[in-house]
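User: I have a model open and keep meeting labels that I would like to understand. Could you go through them with me?

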Amino acid sequence: MDADGDGWSNYNEFIAGTDPQSDTDLPSGEPFTSVVWEDQVRTNSSNTAGVGSSLEKTEATTHWNAGAVSERYLEGDGVLRFAFVEDGAVMVVGLNDWHIGNSLSEFDFGLRFSLNEVTVFENNTVQASFPVYEVGELFSIARVGTEIRYQRDGVTFHTSTVASD
């Protein structure tokens, strides 16, 4: 959510110590870091300075037959942040150790968005489901030590019971 319409989410402004209600009190730097996508299958990608990266499926099918891999990876603590920008679409975002295909079972830690529900799944097992999300909300999957935290606009809504290597 971006209450003041300045391009920075309330969460990012909170972390930076700026006022999310003021469109003149801005964090320094860019709101998002662009990602370079590799191994794209049935997707188009783009990067926009100050906004970040986008990845879009090119075929209108209900199958899990598209995807891509970021060339960036986490070493130690880190966070993957993303905004859901299309109402009603189905997508999966997550972390894994190895890229071998485009299936749900590939993700070690992930979020699936469908039918206005967010589902946490780990190692191909549903861990929890949460109703209703809105376009523009900022989601995160954070690794702190061996703990994985799932966040929505900066608030943790689920912490994994499975340790991350």
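Predicted model: local features only at pLDDT ≥ 70, side-chain atom pairs only at ≥ 80, totals over all residues.

User: What makes the pair of F82 and F139 stacked?

Analyst: Rings of Phe, Tyr and Trp (its six-membered ring) pair if their centres lie within 6.5 Å; planes under 30 degrees apart count as stacked, over 60 as edge-to-face and the rest as tilted. For F82 and F139 the centres are 6.1 Å apart and the planes are at 20°, so this pair is stacked. F82 belongs to strand β5 and F139 to strand β10, so the contact ties together parts 57 residues apart in sequence. Strands here are DSSP runs (E, at least two residues), numbered from the N terminus.

User: And what kind of aromatic pair do F113 and F139 form?

Analyst: That one is edge-to-face, with 4.9 Å centre to centre and 75° between the planes. F113 lies in strand β7 (residues 109-114), so its pairing with F139 in β10 links parts 26 residues apart in sequence. Together F82, F113, F130, F139 and F157 form one aromatic cluster.

User: Why is F139 called buried?

Analyst: Buried means under 20% relative accessible area, exposed over 50%, and partly exposed in between (1.4 Å probe, protein chains only). F139 has 0% relative accessibility, so it counts as buried. F82 is buried too, because its value is 10%.

User: Why is N123 called partly exposed?

Analyst: Its relative accessible area is 42%, so N123 falls in the partly exposed class. N123 sits in the loop between β8 (117-122) and β9 (125-131), and its phi is near 50°, a positive value in a residue other than glycine. D153 also has a positive phi of about 50° without being a glycine. D153 is in the loop between β11 (147-152) and β12 (155-159), and is partly exposed because its relative accessible area is 23%.

User: Which strands are the edge strands of the open sheet, and what makes them so?

Analyst: The open sheet has four strands in the order β5-β10-β11-β12, with antiparallel pairing. Its edge strands are β5 (78-83) and β12, each of which pairs on one side only. Two strands pair if DSSP finds at least two bridges between them; β10 (residues 138-144) and β11 pair over six bridges.

Technical notes: Residues numbered from 1 in each chain as written. Heavy atoms only, no water.
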